[in-house]
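Please read it with the model open.

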Amino acid sequence: VDPTRFDSNIVFAATKKGIMRSNDGGLTWKQSLKANNASYTDLSVTTSGVCFAAISSDGGGNVRGFWRSTDGVNWVNITASNFPSNHTRTLLAVYPSDENRVYFMSLTPGSGTLDISLWKYKYLSGDGTGAGGEWENRSDGLPHQAMSLQGGYSQALGVKPDDDNVVFVGGTNLYRSDNGFADTNETHHIGGYKIEWDESFDYRSGIHYPDQQALVFDPFDPDVLISTTDGGIHRTTDCGGLGFDWES
């Protein structure tokens, strides 16, 4: 929903046909950003109404890749020139404290780390293309083991609302980096089949579980994180700390 409109009548949807837009609360729809039967699309709208979208590489022609729009109608392709050409499912995470910064996590068969790519984008000026946007490839900093996305089935991405260096990625397992996955030196295994500081952890207990699906932060407390998995809904009140506990 467009957060800049109090009546909430402008609604967006990411579909295999592309990004759809409704002006009447979802009664009727028009194609805003066309895709050609894309297997995966995703969309994120900032609090100021700027839209970021991802369309998988099978979306056809020049619509594949990553897009930015200030009004949800006119779009520009901001894809990094050296981003892997083969990309399927992509998740977006906008940093709430500076919505010009966005993380993109993609399943890229044959590229990245374990077929996973993580890139960070920063809007600088103009329409965000070329010198107006800055891309950083953080893929080498991803975990080099136990990080299967299972073909895009289990895939989660989040950035801590008060620190864009604290980034969470999930596949079968859940990891947190304290330096935005710039390298692997500050990465912690915080859920799934294992929790690094809890030798007695058993995922069958239900406190946390493999196959990560989504990450949601409390808008009033950046330390509170809700994690959803194939095993249920899990919550921690200290997502940026070490030694924290999950509750189901």
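In this predicted model, the lining of the second largest pocket comprises four nonpolar, seven polar and two charged residues. The largest pocket, by class, is lined by 17 nonpolar, four polar and three charged residues.

**Second largest pocket**
- The volume of the second largest pocket is about 200 Å³.
- Its lining consists of 13 residues, and Pro143, Gln145, Tyr175, Thr187 and His189 lie nearest the centre.
- Strand S15 (residues 187-191) contributes the largest share of this lining, three residues.

**Largest pocket**
- The largest pocket has a volume of about 510 Å³.
- Of the 24 residues that line the largest pocket, Val94, Pro96, Val159, Pro161 and Phe217 lie nearest its centre.
- At least two lining residues come from each of S4, S8, S12, strand S16 (212-218) and strand S17 (221-229).
- S16 gives the most to the lining of the largest pocket, namely four residues.

**Nonpolar cores**
- The largest nonpolar core has 17 residues, among which Tyr103, Met105, Leu118, Met147, Leu157 and Val169 touch the most other members.
- Strands S8 (90-94), S9 (101-107), S10 (116-123), S12 (156-159) and S13 (167-170) each supply at least two residues of this core.
- The strand that gives the most to this core is S9, with three residues.
- A second, separate core contains 15 residues, including Phe66, Val102, Tyr123 and Trp135.

**Four-stranded sheet**
- Four strands form an open sheet in the order S4-S5-S6-S7, and their pairing is antiparallel.
- Strand S4 (41-45) and strand S7 (76-77) stand at the edges; each has a single partner strand, so one side of each is left without a neighbour in the sheet.
- Two bridges join strand S6 (residues 65-69) and S7, which pair in the antiparallel sense.
- Arg68 stands opposite Val76 in S7.

- Zero disulfides are found in a search of the whole structure.
- Cys51 counts as buried because its relative accessibility is 0%.
- Cys239 likewise counts as buried, with a relative accessibility of 0%.

Conventions:
Residues are numbered from 1 along each chain as its sequence is written. This is a predicted model: local features need pLDDT of at least 70, side-chain atom pairs count only at pLDDT 80 or more; totals for chains, interfaces and linings use all residues. Side-chain values use heavy atoms; hydrogens and water are left out. A nonpolar core is a set of buried Ala, Val, Leu, Ile, Met, Phe, Trp, Tyr and Cys residues joined through side-chain atoms within 4.5 Å. Buried means under 20% relative accessible area, exposed over 50%, partly exposed in between (1.4 Å probe, protein chains only). A disulfide is a pair of cysteine sulfur atoms within 2.5 Å. Two strands pair if DSSP finds at least two bridges between them. On a 1 Å grid over the protein atoms alone, a cavity is a set of points where a 1.4 Å probe fits but cannot get out, and a pocket is an open set with protein on both sides within 12 Å along at least five of seven lines; lining residues have an atom within 4 Å of a point. Grid points are joined across faces, edges and corners, and a volume is the space filled by probe spheres set on the points. Ala, Val, Leu, Ile, Met, Phe, Trp, Tyr, Cys and Pro count as nonpolar, Asp, Glu, Lys and Arg as charged, and the others, Gly among them, as polar.
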